[in-house]
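The sequence and structure come first, and the description follows.

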Amino acid sequence: MFLEALGSAVLGLALAWFATHRLPHRLPPRLLVVPTGVAGALFGAFVTHSAVGAGGLLVILLGALVVSAASLSLLLRPAERFGRRSATA
């Protein structure tokens, strides 16, 4: 159980680091992104462990990766492609 939690936290940290370096213009500050990735991974590992059991470490880490990616995707802001401004600006 400890190995699952540690592995999922490291996986969430790595995913958050990759997201902050790949999409820095579309994400809020790193101070919010990194804990969101780690917390999403830990929650995903908990849910997957509850559903599958203690047998499959790789399945639990896959569930942690999916939930972490989903929680990080909620932080994305739309990209400003055309540089449009509002009429009041």
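## Residues and helix packing

Valine 47 counts as partly exposed because its relative accessibility is 37%; the classes are buried (under 20% relative accessible area), exposed (over 50%) and partly exposed (in between), computed with a 1.4 Å probe on protein chains only. The structure is a predicted model, in which local features need pLDDT of at least 70 and side-chain atom pairs count only at pLDDT 80 or more, while totals for chains, interfaces and linings use all residues. Residues are numbered from 1 along each chain as its sequence is written, and side-chain values use heavy atoms, with hydrogens and water left out.

Valine 47 sits in helix H2.

The chain has three helices and zero strands, where helices (H or I, at least four residues) and strands (E, at least two) are DSSP runs numbered from the N terminus. From the N terminus on, the order of elements is α-α-α. Of the 89 residues in the chain, 30% are buried. Contacts (heavy atoms within 4.5 Å) between residues at least 6 apart in sequence join residues at least 24 apart in 71% of cases.

Two helix pairs are described next. In general, two packed helices are described by the angle between their axes and the distance between the axes. Axes are lines fitted to C-alpha atoms, for helices over the stretch in contact, and angles run from 0 to 180 degrees between N-to-C directions.

| Helix pair | Axes come within | Crossing angle |
|---|---|---|
| H2 (residues 30-52) and H3 | 7 Å | roughly 140° |
| H1 (residues 2-22) and H3 | 9 Å | roughly 35° |

H2 and H3 are therefore oblique to each other; angles under 35 degrees count as roughly parallel, over 145 as roughly antiparallel, 65 to 115 as roughly perpendicular and the rest as oblique. The crossing of H2 and H3 is right-handed, a term for a near helix turned clockwise from the far one by less than a right angle, with anticlockwise being left-handed. Residues of H2 that meet H3 include Thr36, Gly40 and Phe43, and among their partners in H3 are Val67, Ser68 and Ser71. By class, this contact of H2 with H3 has 10 nonpolar, nine polar and no charged residues. Here Ala, Val, Leu, Ile, Met, Phe, Trp, Tyr, Cys and Pro count as nonpolar, Asp, Glu, Lys and Arg as charged, and the others, Gly among them, as polar.

H1 also passes H3 in a right-handed crossing. On the H1 side the meeting residues include Leu3, Glu4 and Gly12, and on the H3 side Leu57, Ala64 and Leu72 are among them. The contact of H1 with H3 divides into 11 nonpolar, four polar and one charged residue.

Serine 71 belongs to helix H3 (residues 57-73). It is buried because its relative accessible area is 18%. Leaving aside residues up to four places away in sequence, serine 71 touches Thr36 and Gly40. A polar atom of the serine 71 side chain lies 2.9 Å from the backbone oxygen of serine 68.

Threonine 36 is found in helix H2. With residues up to four places away in sequence left out, threonine 36 touches Ser71, Leu72 and Leu75. A polar atom of the threonine 36 side chain lies 2.7 Å from the backbone oxygen of leucine 32. The C-alpha atoms of threonine 36 and glycine 12 are separated by 8.4 Å, and these residues are 24 apart along the chain.

Definitions and conventions. Polar contact = N/O pair within 3.5 Å; in protein donor to acceptor, adjacent residues only side chain to side chain.
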